[in-house]
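Dear colleague,

I am handing over the structure below, and after it I set out what was found. Please read the notes alongside the coordinates.

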Amino acid sequence: MWGFKGFPTADSKLARWVLAAEDICFKNAVLSYIFRLGKCIPITRGAGIYQEHMNEALDRLNDGAWLHTFPEGKVSQEDVPIRRLKWGTASLITRAHVTPIVLPIVHHGFEQVMPENYLFGRRPPLPLCNRNISIIVGEPIEFDLPKLRQMALSTTGDLSLSSAGWPSATPWGLDEAAQRCLYTTISETIRTAMERLRAFGKSYLKSKG
């Protein structure tokens, strides 16, 4: 994905960090070594936004590094609107020392490179060649977090929630209800931008075909 012109794939200092599924990319010592060399951070799907390695991802953001996430948190090869995003990306944005700039990216064609139902309901052992791949990069998104935090506090009011693993309050005075509201707002902004790119890419490919 990062081999297209204009991205710093050859410079290890500039190359992206990325959140990667632990059960796929880190299931044995060899894969773990390879993906760690590729600047991948293992994430346990379903373990929540405050799991251990999310703090490692936050450290990379605080170092000023480029961090790539797959905010849907799931592999999807269906040609359908982008589903509700997981809150992990939003939580990293709100907790970073300096608010990151979000660059939405959508791709088409990877489902032809590693189709899930290629042979007897399984993926091919190796990526398939001579497939068309399109990568659409959107406009940067900058979030006004002080304003969004105030809106979250105003919206939730006296609503109180309690769940294991959530901090009872953040340094900005947000309880769990306000945090959920904030994460939802940020996630929906990103999802809307990604869906706009997906629709544009689909229309563009149709016109070229």
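How far is the sulfur of Cys40 from the closest cysteine sulfur, and in which residue is that sulfur? Please keep in mind throughout that this is a predicted model. The closest cysteine sulfur belongs to Cys25 and lies 6.0 Å from that of Cys40, which is too far for a bond, since a disulfide calls for sulfur atoms within 2.5 Å. A search of the whole structure likewise finds 0 disulfides. Cys40 itself is buried, its relative accessible area being 6%.

Cys40 belongs to strand β2, which runs over residues 40-43. Along this strand Cys40 and Pro42 point one way, while Ile41 and Ile43 point the other way, and all of them are buried. Strand β1, residues 17-21, pairs with β2 in the parallel sense over 4 bridges, and Ala21 stands opposite Ile43 of β2.

Turning to the helices, α6 covers residues 145-156, and its 12 residues reach 16 Å from the first C-alpha to the last, close to the 16 Å expected at 1.5 Å a residue. Which residues of α6 are buried? They are Leu145, Leu148, Arg149, Ala152 and Thr156. Seen down the axis of α6, these buried residues fall within an arc of 100°, so they line one face of the helix. As background, an α-helix has 3.6 residues a turn, so residues three or four places apart point the same way. The face of α6 turned away from the buried side carries the exposed residues Pro146, Lys147 and Ser154, whereas the cover over the buried residues includes α4 (88-95) and α7 (176-208).

Leu148 is buried, with a relative accessible area of 15%, and, leaving aside neighbours within four places in sequence, Leu148 is in contact with Phe143, Leu182, Thr185 and Ile186. The C-alpha atoms of Leu148 and Ile186 are separated by 8.5 Å, although the two residues are 38 residues apart along the chain.

Helix α7 also holds Arg191, and that residue counts as buried at 19% relative accessibility, because the cut-off for buried is under 20%. Not counting residues up to four places away in sequence, Arg191 touches Ile82, Arg83, Arg84 and Leu85.

Lastly, there are the aromatic rings, among which a search of the whole structure finds 3 pairs. One of them is formed by Trp87 and Tyr183, and this pair is tilted, with 6.3 Å centre to centre and 55° between the planes. Trp87 lies in the loop between β3 (67-68) and α4, and Tyr183 in helix α7, so the pair ties together parts that are 96 residues apart in sequence. Both Trp87 and Tyr183 are buried.

How are the rings of Phe200 and Tyr204 arranged, in terms of their centres and planes? Their centres are 6.2 Å apart and their planes are at 20°, so this pair is stacked. Phe200 and Tyr204 both lie in helix α7, where they are 4 residues apart, about one turn of the helix. Tyr204 counts as partly exposed, at 42% relative accessibility.

Key
Residues numbered from 1 in each chain as written. Predicted model: local features only at pLDDT ≥ 70, side-chain atom pairs only at ≥ 80, totals over all residues. Heavy atoms only, no water. Helix = DSSP H or I, 4+ residues; strand = E, 2+ residues; numbered from the N terminus. Expected span 1.5 Å × (residues − 1). Buried < 20%, exposed > 50% of the residue type's maximum accessible area, 1.4 Å probe, protein only. Arc of directions from axis to C-beta. Contact = heavy atoms within 4.5 Å. Pairing = 2+ DSSP bridges. Phe/Tyr/Trp six-rings, centres within 6.5 Å; stacked < 30°, edge-to-face > 60°.
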